[in-house]
There are 2 protein chains.
Amino acid sequence: MKNVSTEPYKGARDFYPEEMRIRNYIFGAIRKVVESHGFEEYDASIMEESSLYRAKTGEEIVNEQTYNFIDRGGREVTLRPEMTPTVSRMIARKRNQLLFPLRWFNIGRRYRYERMQRGRSREFWQLDCDMFGVESVVSDVELLLVPRDILKELRVDDKLFEIRINHRGLVNEILKNYIHADDQQTYKLSKLIDRKNKIEKSLFDKEVENILGDKKELFLGILEINNLSDLPDQIKQTGAYDNLKQICDSLEKLGVTNYRFDPTLMRGFDYYTGMIFEIFALDNKNNRSLFGGGRYDNLVAIFGVDKVPGIGFGMGDVTIRDFLETHNLLPNNAVSNIDLYLCILDEKYRLDVELLARDLRANKINVCVDISGKKLGAQIKHADKMGVGYVIVIGENEINNKKYLLKNMLTSEQQEFDFEGLGKVILN
Amino acid sequence: MKNVSTEPYKGARDFYPEEMRIRNYIFGAIRKVVESHGFEEYDASIMEESSLYRAKTGEEIVNEQTYNFIDRGGREVTLRPEMTPTVSRMIARKRNQLLFPLRWFNIGRRYRYERMQRGRSREFWQLDCDMFGVESVVSDVELLLVPRDILKELRVDDKLFEIRINHRGLVNEILKNYIHADDQQTYKLSKLIDRKNKIEKSLFDKEVENILGDKKELFLGILEINNLSDLPDQIKQTGAYDNLKQICDSLEKLGVTNYRFDPTLMRGFDYYTGMIFEIFALDNKNNRSLFGGGRYDNLVAIFGVDKVPGIGFGMGDVTIRDFLETHNLLPNNAVSNIDLYLCILDEKYRLDVELLARDLRANKINVCVDISGKKLGAQIKHADKMGVGYVIVIGENEINNKKYLLKNMLTSEQQEFDFEGLGKVILN
């Protein structure tokens, strides 16, 4: 029989304990921050009926990047490529029981069949934070503070990233009432802008000309603006401009200065209706956005329930991990969660060692008992390689006198303690 | 356009925050216990190439209960129905770099297309604990202590469950050398025993007769035994018996008395080679096992690498949740993770409230700022319904004097504190 392959599924990753510690570090920090902002955790299946994504997720993702299959009951299933349709479905499902406004978060798996490259994985983990039930800019501002606090918790300096902000309403105003593009031109231009950073400038300009003809220069001029106040007066008289201006002013008052208006920011999803943003890493190695999100006030309408304003963002594990690694901000993942390793001088002490381990565990110490059957030297070496903090060797003396010589594996210092003393030192 | 359905995918569950708190409570307790036993977390994709399961997972599951599909690249993919093949693949993949013995755990999603009934879900969460690299009974005993400590942490009394234990080697001895069943009879009998609790006793006996003819009584007699010492002498002279006897004796010495030998215990998977066990709830409502596992010393052979002995168990979220609920052991899930709700007397204080929230968050307090725009009474009522512990109303006095009247929502007591005082009371 041919051997079964040991490789993970193509585009997915195995998380050995060293790598798992990094994922746990990142999402542990994130969980702490989002809970400190009053967000509550929810979850759902990674499987959804495919119809959920057809309405609003955006053509490219649904047609080219989803995992779809027919289940044994004939249902058309999609592995969720993003969380916004799911969370909107859940909101719509209990529209009349839920207590708005809501702040919800989820950390979990998402799936996209993308071409493999740096910063991508076909299965990835993502944080999604969403707020429901409030239309005012107050919630836009509250939401924008979260990614910044997450980056701070991950020890990222403000200088290393930039918040790029735009507004779908503003984009519509520009295209419809300033450029006077028709529906088809508008559609083509928004898809083109979304690809702007992926294609050559000359090609981009050429395509704008193909779509807009002699209105090309007017449009390209707008795209060069990166300060709200430089927009044409006609645009400044719109509600969308007011909305975005208020958001930016509040950010500034709260001490957030590393943001800028970016009229070329589009976000790929069709459901956004207001402010949209992405947080970009300011270095050459990580050219994808770390966070992205925006306001989607009409999404629950696809479920036939009354309107619920929504706003949210997502953050993927692959890009943030690459970014933190670039800046040497990942923790030392060779350090184990195990506090204490109990070596055993002879098998005849096994029962006593197990009982001691039981008592230590009841005192919140993470204890690993040697089961290798190897000689003492090899046991200690093993504990050291595992990255365990402390070691005790258990023999007749230890069992009879209940005194334990505790070895600190970092400093090689040894000191004797009774049972109570062990807890104090190890958990200190 | 027809409305999109708000229901989750059939057989899967939505976890609204109240339900999520319960899942987090259960797996939080579990994580604490398995880490205290020196297990380290790993993870992998839920997608595996289907070939991984054909070798050893067992016919019924692979042919009738897996989610299979062909991806956009033509690969045959299965959503993992269980973790043992995946963890074995990972062990085989780094066979020469890993430091044995290993204790690994995973908490995550598994998939089975089963008929829906109590205690089942097509997507479920499972804890898997596995140890690799040790053949001796020492590791069997170490492993068996873990589920017991988990149940203790979940406040389950020893009287509410029973550890049922058997040994694949012993089953083989009985069938081959005591009953003298041929290969085909052995195969049929093991599949039949596995279904024993699901079919009528008379039908079971009838089927045994169909397979074994006049050896029926001899075989049924063995199945009645629930004490190792009552086994026939011929069986007692085997290595498998010795092995199981040693495990049981050690358990007894360590104070575990709620176990019993169960010759009808089979476990559905084809890969087990030694001790097998299940932990059953001792009540009428929860007739499925809470934990199940065993020894599988030859599994990595399917990858063509040198033998690595393995032993492990799994525990699903649905059965344990039902079990805890039956015995009133679930926590009050109406209590939120949010420590403090800041009400706002007037929008003009918004900026000050946001700055206060920022400082409180930096002091590890989970703060929710009101964004509803509602009147004060409605804000306080909202905080109460959310299950928040404390409320402060922010107005001009609070901002100018930096003194805050803290309301305890449980007792309705109010007391004034400065900033430092808040932290002490709220996090106490």
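1. Let me start with one pair in chain A: Glu48(A) sits opposite Thr78(A), a residue of strand 4 of chain A. Strands here are DSSP runs of E with at least two residues, helices are runs of H or I with at least four, and both are numbered from the N terminus. Strand 4 covers residues 76–79 and pairs with strand 2 of chain A in the antiparallel sense, over three bridges. Pairing requires at least two DSSP bridges between the two strands.

2. Before going on, the ground rules: this is a predicted model, where local features need pLDDT of at least 70, side-chain atom pairs count only at pLDDT 80 or more, and totals for chains, interfaces and linings use all residues. Residues are numbered from 1 along each chain as its sequence is written, chains are lettered from A and ligands numbered from 1 in the order in which they are written, and side-chain values use heavy atoms, with hydrogens and water left out.

3. Three strands of chain A make an open sheet with the order 2-4-3 and antiparallel pairing. Strand 2 (47–49) and strand 3 (67–70) of chain A are its edges, each pairing on one side only. On average, neighbouring strands are turned by 35 degrees against each other, direction ignored; the axes are lines fitted to C-alpha atoms, for helices over the stretch in contact, and angles run from 0 to 180 degrees between N-to-C directions.

4. Chain A also has an open sheet of five strands, ordered 13-12-14-15-16, and here the pairing is mixed. Strand 13 (367–369) and strand 16 (414–417) of chain A each have a single partner strand, so one side of each has no neighbour in the sheet. The twist from one strand to the next averages 30 degrees.

5. Look at the strand 16 end of that sheet. Strand 15 (residues 404–408) of chain A runs antiparallel to strand 16 of chain A, and four bridges join them. Leu406(A) has Gln415(A), in strand 16 of chain A, as its bridge partner. Helix 13 (residues 350–362) of chain A packs on the sheet and touches strand 12 (340–344), strand 13, strand 14 (390–394) and strand 15 of chain A. The direction of helix 13 makes about 170 degrees with that of strand 13 of chain A.

6. Now the dimer contact. Contact, meaning heavy atoms within 4.5 Å, involves 102 residues of chain A and 102 residues of chain B. The two chains bury about 8,700 Å² between them, 57% of it on carbon and sulfur atoms. Buried area is the accessible area (1.4 Å probe) lost on putting the two parts together, summed over both. On the chain A side, Tyr16(A), Arg72(A) and Ile371(A) lose the most area to chain B, together 9% of what that side buries.

7. The side chains of Asp14(B) and Arg89(A) form a salt bridge, at 2.8 Å from N to O. Helix 1 (residues 17–36) of chain A gives nine residues, the largest share of the side of chain A that touches chain B. By class, that side has 47 nonpolar, 21 polar and 34 charged residues. Nonpolar covers Ala, Val, Leu, Ile, Met, Phe, Trp, Tyr, Cys and Pro; charged covers Asp, Glu, Lys and Arg; the others, Gly among them, count as polar.

8. Some backbone spots to check by eye. The peptide bond from Phe100(A) to Pro101(A) is cis, with omega near 0 degrees, and Pro101(A) lies in the loop between helix 4 (84–93) and strand 5 (102–111) of chain A. In chain B, Phe100(B) and Pro101(B) are joined by a cis peptide bond with omega about -5 degrees.

9. Positive phi turns up too. Arg155(A), not a glycine, has a phi of about 65 degrees and is placed in the loop between helix 5 (137–153) and strand 7 (161–167) of chain A. His180(B), also not a glycine, has a positive phi of about 60 degrees.

Note on methods. A salt bridge is a side-chain nitrogen of Lys or Arg within 4 Å of a carboxyl oxygen of Asp or Glu.
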